[in-house]
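Here are my notes on the model, as numbered points. Please read them with the structure open.

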Amino acid sequence: MNSFTHNPVLVAEVLAALAPMTGRRYLDGTLGGAGHAVEILKASSPAGWLLGIDRDGTALAAAAERLAPFAGRYELRHGTFDRMGEWVEPGSCDGVLLDLGVSSPQLDHPGRGFSFREDGPLDMRMDPSSGGTTAAAWVNSAAVEELERIFFEYGEEPRARRLARAIGEERNVQPLTSTRQLAALIERTTPRGGARLHPATRAFQALRMVVNDELGQLRRGLEAALLALRPGGRLAVITFHSLEVRVLKQFARPLTLDYTFDGEIDVPELRRPKPPELRWVVRRAQTASDAELAANPRARSAQLRVLERMGHGS
Ligand SMILES: C[S@@+](CC[C@H](N)C(=O)[O-])C[C@H]1O[C@@H](n2cnc3c(N)ncnc32)[C@H](O)[C@@H]1O
């Protein structure tokens, strides 16, 4: 029995998109607590196969327990999903799932440093075993202008400049080392009387995204997923942030066109025809039903979009 509990979001929608079948091969690049993976393996019984990847060793250990009944039908890898090409043959996957962001246990365990509600080390690395820069190391060393940019762009924090300057002043007195220390600074600097979101929500999200290079991972992961899919195979992506949606659309745009063009500007006379590599199956986001939202508030900002690889056999 383990205490890793994460309620998977949009499960019915993911199953409808991937339509798992026996004998087929699936890749879950964000295995987490294996909520989606269990359903994919059940739906592809008796002989569907799944590769599960997660950069968080704690999640993998929990997933291994939940997946035990499917022994022989799955393999697990500890690492980032942008490396999926090292672990699957090109063109071999019938479905790839990326359910982005963090899991509930990562957010809820104060020792991981994602939570501003409880005190813990200012860490936020999804994979602490990887080395890598902690949130503390980053906030204590980044230029004030860079702090401002990240809070503004990733956190959509309207008072990014004020917050960045306050951090710059505070760290001259003492380094920022704990989540409560940073949260208290944010509460003092950018109070939000009566607002629904805690004032630290956006800044903590921005830090998490930079510490884990989440948008870089997504850009490279989407390219890797395209190579991993067989023609007719599907890529399901669950996003929680508008910048993730932008990265997904920028990735899909040239690949879904039936022409290409040189340079920055698409001039109709200079187009050259080419077959599209992808087609949208679900382009307008699918979101959680009222029933799911009532049961799982984390589904609030979840959006599912689905692409299919074109080519022979699709
Ligand atoms: C939202 S949770 C996934 C939950 C999962 N679908 C389930 O049903 O339990 C996201 C998971 O993806 C992992 N993750 C995030 N970015 C990753 C990346 N670039 N490579 C591998 N794993 C990643 C996190 O560690 C976390 O466990």
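**Notes on the predicted model**

1. The centres of domain 1 and domain 2, taken over C-alpha atoms, are separated by 30 Å. Domain 1 covers 11-104 + 214-309 and domain 2 covers 127-211; the bounds come from an automatic or database domain assignment. Seven residues of domain 1 and five residues of domain 2 make the contact, where two residues are in contact if their C-beta atoms, placed from the backbone, lie within 7 Å. On the domain 1 side, three of the residues that touch domain 2 are nonpolar, one is polar and three are charged. Nonpolar here means Ala, Val, Leu, Ile, Met, Phe, Trp, Tyr, Cys and Pro, charged means Asp, Glu, Lys and Arg, and the others, Gly among them, are polar.

2. This is a predicted model: local features need pLDDT of at least 70, side-chain atom pairs count only at pLDDT 80 or more, and totals for chains, interfaces and linings use all residues. Residues are numbered from 1 along each chain as its sequence is written.

3. The largest nonpolar core has 53 residues, of which Ala63, Val96, Ala228 and Ala236 touch the most other members. Such a core is a set of buried Ala, Val, Leu, Ile, Met, Phe, Trp, Tyr and Cys residues joined through C-beta atoms within 7 Å. A residue is buried if 20 or more other C-beta atoms lie within 10 Å of its own, exposed if 12 or fewer, and partly exposed in between, with C-beta atoms placed from the backbone. A second, separate core of 29 residues includes Leu122, Ala160, Ala183 and Ala203.

4. Leaving out residues up to four places away in sequence, Val96 touches Leu27, Gly29, Ala225, Ala228, Leu229 and Leu235. Leu27 also stands opposite Leu51 in E2. Strand E1 (residues 25-28) and E2 run parallel, joined by four bridges; strands pair if DSSP finds at least two bridges between them.

5. Six of the six residues of E2 are buried. Trp49, Leu51 and Ile53 point one way from the strand, while Leu50, Gly52 and Asp54 point the other way. Helices (H or I, at least four residues) and strands (E, at least two) are DSSP runs, numbered from the N terminus.

6. Which residues come nearest to the ligand? They are Pro8, Thr30, Gly32, Gly35 and Asp56, out of 22 around it; near means a C-beta atom, placed from the backbone, within 6 Å. Helix H2 (35-43) and strand E2 (49-54) each give two or more residues to this shell. By class, the shell has seven nonpolar, 11 polar and four charged residues.
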